[in-house]
Amino acid sequence: MARLALSLIFFLCVGMFQSTVSAKVYELRTYNVETGRQADALKLMADHGVSFIKKYNMELIGVWTPTDVFDERVFMLVGHENREAAGKSWSSFQADADWKK
């Protein structure tokens, strides 16, 4: 019985280690937009941002705005394969010369 318990603990620990190394990461980004520019920010995301997100292997899960008409923030939920991939994707995105134009 003790051997079974130790084996179970071992496999649970290995499983937890593997899941933390390769666990999918979700990132909620909040953009504080200048007053009166929320529609422009949404258009920029739709026309250009989505293609760059896909280009750098990120998954766009959704984009939301608050129901309060005076709150002009934009929220975006992005998925990554893991934390390392998230860092690489955003670094590449920010360094992209076409995005900086």
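## Salt bridges and sheet packing

Lys43 and Asp47 form a salt bridge, with their closest N and O atoms 2.5 Å apart. The model is predicted. Both Lys43 and Asp47 sit in helix α2, 4 residues apart, about one turn of the helix. Asp47 is partly exposed, because its relative accessibility of 43% falls between the 20% and 50% cut-offs.

Side chains of opposite charge can pair when their charged atoms come close. The whole structure holds 7 salt bridges.

| Salt bridge | N to O distance |
|---|---|
| Lys43 and Asp47 | 2.5 Å |
| Arg29 and Glu27 | 2.7 Å |
| Arg73 and Asp71 | 2.7 Å |

Arg29 is partly exposed at 21% relative accessibility. Arg73 is also partly exposed, at 32%. Its partner Asp71 counts as buried, because 18% relative accessibility is under the 20% cut-off.

The sheet comes next. It is open and has 3 strands, in the order β1-β3-β2, with antiparallel pairing. β1 (25-31) and β2 (59-64) are the edge strands; each has a single partner strand, so one side of each lacks a neighbour in the sheet. Neighbouring strands are turned by 20° against each other on average, direction ignored.

β2 pairs with β3 (residues 74-80) over 5 bridges, in the antiparallel sense. Trp64 has Phe75 of β3 as its bridge partner. Helix α2 (residues 38-55) packs on the sheet and touches β1, β2 and β3. The direction of helix α2 makes about 15° with that of β3. Helix α3 (residues 83-95) lies across β1 and β3, and runs at about 120° to β3.

Definitions and conventions:
Residues numbered from 1 in each chain as written. Predicted model: local features only at pLDDT ≥ 70, side-chain atom pairs only at ≥ 80, totals over all residues. Heavy atoms only, no water. Pairing = 2+ DSSP bridges. Helix = DSSP H or I, 4+ residues; strand = E, 2+ residues; numbered from the N terminus. Axes fitted to C-alpha atoms, helices over the stretch in contact; angles between N-to-C directions. Contact = heavy atoms within 4.5 Å. Salt bridge = Lys/Arg side-chain N within 4 Å of Asp/Glu carboxyl O. Buried < 20%, exposed > 50% of the residue type's maximum accessible area, 1.4 Å probe, protein only.
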